Amino acid sequence: MKLQEYKGKELLQQYGFEKPDALLVTKKNLDDPATLLALHAFCSKHPQVMVKAQVIGGQRKKQGFVQESKGCDATLSLLQQLFSKMYQTQSVLSILVEEKIAIAHEYFLALLYDTRLKTPMLLFSSKGGIDIESHREELARYPISPIDGLSEESLRSFLHGLHVQDAAVLVPLLLSAYQCFTLADCLHLEINPLIKTNNGVWYAGDAKITIDDAAIPRQPFLQHVQEEASFLTPREIAARQVDALDYRGVAGRTFMDLPGTIAILASGGGASLTCMDALMRAGGKPANYTEYSGNPSREKVRKLTEITLSKPDLTGCLVIGGTANFTDVYETLAGFMDAVLVIKPSYPIVIRRAGPRDAEAFAMIRSLVDEHHFNVTLFGEETPMTKAVLVMVKKAEEYYASL
Amino acid sequence: MLPSKTTHVLVQGITGKEGSKATQQMLASGTLVTCGVTPGKGGKTIEGLPVFNTVAEAKVFDPLLTASVLYVPPLLAYQAAREALVAGIPWLVVFTENIPVRDTAKLIAYAAQHHSHIIGPSSVGLMHVGSCKFGSLGGGNDDRMYSKGHVGIMSKSGGMCAETALLLTKQGIGQSMVIGLGGDVLMGSTFTDLLPFFQQDQATKVLVIFGEVGGTAEEELAEAITSKRFTKPVVAFISGLFVESLPRNFPLGHAGAFIEGGRGKAEDKKKILREAGVLVAEYHHEIPDLVKKVMPHGI
């Protein structure tokens, strides 16, 4: 889970990092009198402020999502302007207004896992700020033993080797950052810039933090932090509701709307992605991505199919998966056909599936196809998955040409 | 040596749904499972095997134990694996998914101290085709997908171990050893870590790799091949084109499959592998044809 800047700073504050005086404004509450009063008070207290859209991603400043402002009126109109903009595919739902800090020096620090050494790694630079990406290769790297952690002495000699001026302050700050990284189960913790001011106070100027999803159940501070649903489409929200229907299997949790016209119902993580790669390589355009696995109920698959096929102007539907170990292929394909019987698509449907009760499932589909004249092509384990994908792309193209 | 048919193996989490099913399947495939561990369930029997509360007790019962397969819940996996390492078990196959990376990092460091090996987390297991298996490869129908032969397989995806073997089997090409490495951010064993076992294995003539966007395992493999630490022909498929094309940061696929600062892209991995002499399949179903190209004559 990627934390928004203000949540990241709240977390860092628990580990001793100062954050600038700030006011969080949400799009929903922008017009409330209380918000306007608070903004007025904040801008009177701080003549110069930074206005920072709370979106996930890099280069916010370069793209105008972080700007400087003066006075309540100008700040308010900047807020209104930012709330109406899109950052990549995210709408801006909250904005952090911060006092502007007088910067004496900017450092860069990041903690992450090094996949080669299989240990945590500290990245550090005395040249922090917005241009860090252009000299990422120059970052000093310090591998950390996951058993022994960081010691004061080792950090001091690391910084000494880099000829860093402020080692006396930086050592305890880096120790705190590592404590936060491990205790809060971060996958990535980046503070850029880490700001030194002339009056001796140090601030986390920004915070990019990714929490390990696998550790969320043991992180009490995150229990109430809901994943931002701000950038989900209505179909994506509906599919997630299907997944939450019961505890049997996964169906729709990763539903994603895409701009193409071939509807996708895939099974199995590695298999799904391998088939999506093949679809794209062959020039097919997916209308969505979704995956079901772990033996979901017939009802769940029916509902997920209804959502998947609800998009207008589809040119095909691909039901694809490997050889299931225990997912009941009859039950899940019956759920698929339940929805097909209601929607009655005229576009081609290509199914490739194998596993428990596959013969029964195929017989059931064949008899429904005979009765209702659906355009269905059935493949079992004799056909490689990605070959079935190529058939889908070709049939969808033919269907589109025939319209 | 990798665990094999004569290896005494323990199942941690043997009384759970996955653990008991896997135990049954391992026994059926000829694996020497001798006992299991589930804290608080000591004294029970599963599939005729004794269950103990701790690995230490299991080790007293069977001093010849040299492998453990772990089917424990993710937030308890660290303690369970630690216990096996302290008890001196040299091979851990960790089936459990969703183990926090912080725990995995510590386990990998402890394993190095104990000179033990970890395969996984999120490993579907290790199979000597036609002989024995450690984990859940093949479910209960090993023969439906796997056939004995000369192709070794290592895969970051468990499901794709089966599909890759199936492709080969349908073309009359058998397999020697198949290992699911798991696609976590930190892998107990990378392709490179296990290469020496495929190099030594007489039955393996060709190695097939299923790799993925993210991390550095494929790059390390290319380095090992270039520096002649592995000299048998290698065929690879790398997935990730779709994941990389997504405009948003959706958590899709394996935990390790993400791009950081433009590094670890599938196309870059393919290029590096090709430069090392690996045959790279653009479509997964091309793997058997590439294997036929490099398989030594007369095999």
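Modeller: Chain B has 299 residues and a radius of gyration of 19 Å, which agrees with the value near 19 Å that a compact globule of that length would have. That radius is taken over C-alpha atoms, and the globule rule is 2.2 Å times the number of residues to the power 0.38. The model is predicted: local features need pLDDT of at least 70 and side-chain atom pairs count only at pLDDT 80 or more, while totals for chains, interfaces and linings use all residues. Residues are numbered from 1 along each chain as its sequence is written, and chains are lettered from A, with ligands numbered from 1, in the order in which they are written.

Along its principal axes, chain B occupies a box of roughly 55 × 45 × 30 Å, judged by its C-alpha atoms. Of its 299 residues, 55% are buried; a residue is buried if 20 or more other C-beta atoms, placed from the backbone, lie within 10 Å of its own, exposed if 12 or fewer, and partly exposed in between. Chain B holds 11 helices and 14 strands, where helices (H or I, at least four residues) and strands (E, at least two) are DSSP runs numbered from the N terminus.

An automatic or database assignment supplies the domain bounds: domain 1 of chain B covers 1–123 and domain 2 covers 146–299. The C-alpha centres of these two domains of chain B lie 26 Å apart. Where they meet, 14 residues of domain 1 of chain B are in contact with 11 residues of domain 2 of chain B, contact being C-beta atoms, placed from the backbone, within 7 Å. Helix 4 of chain B gives the most to the domain 1 side, with 5 residues. That side divides into 9 nonpolar, 5 polar and no charged residues; Ala, Val, Leu, Ile, Met, Phe, Trp, Tyr, Cys and Pro count as nonpolar, Asp, Glu, Lys and Arg as charged, and the others, Gly among them, as polar.

An open, mixed sheet of 7 strands runs in the order 9-8-11-10-12-13-14 in chain B. Its edges are strand 9 (132–135) and strand 14 (279–281) of chain B, each pairing on one side only. Neighbouring strands of this sheet are turned by 15° against each other on average, direction ignored. Strand 13 (residues 234–239) and strand 14 of chain B pair in the parallel sense over 3 bridges, and strands pair if DSSP finds at least two bridges between them. B:Phe237 stands opposite B:Ala281 in strand 14 of chain B. Helix 6 of chain B packs on the sheet, touching strand 10 (148–155), strand 11 (175–180) and strand 12 (206–212), and makes about 150° with the direction of strand 10 of chain B. Axes here are lines fitted to C-alpha atoms, for helices over the stretch in contact, with angles from 0 to 180 degrees between N-to-C directions.

Helix 8 (residues 217–226) of chain B is mostly covered, with 7 of its 10 residues buried. Among them are B:Glu218, B:Glu219 and B:Leu221. The cover includes helix 7 (191–200), strand 12, strand 13 and helix 10 (266–275) of chain B. Just after helix 8 of chain B, B:Lys228 takes a positive phi of about 60°.

Finally, chain B also touches its partner: 45 residues from chain B meet 47 residues from chain A. Helix 4 (101–113), helix 6 (158–170) and helix 9 (241–245) of chain B each give two or more residues to this side. The chain B side divides into 24 nonpolar, 14 polar and 7 charged residues.

Note on methods: Contact = placed C-beta atoms within 7 Å.
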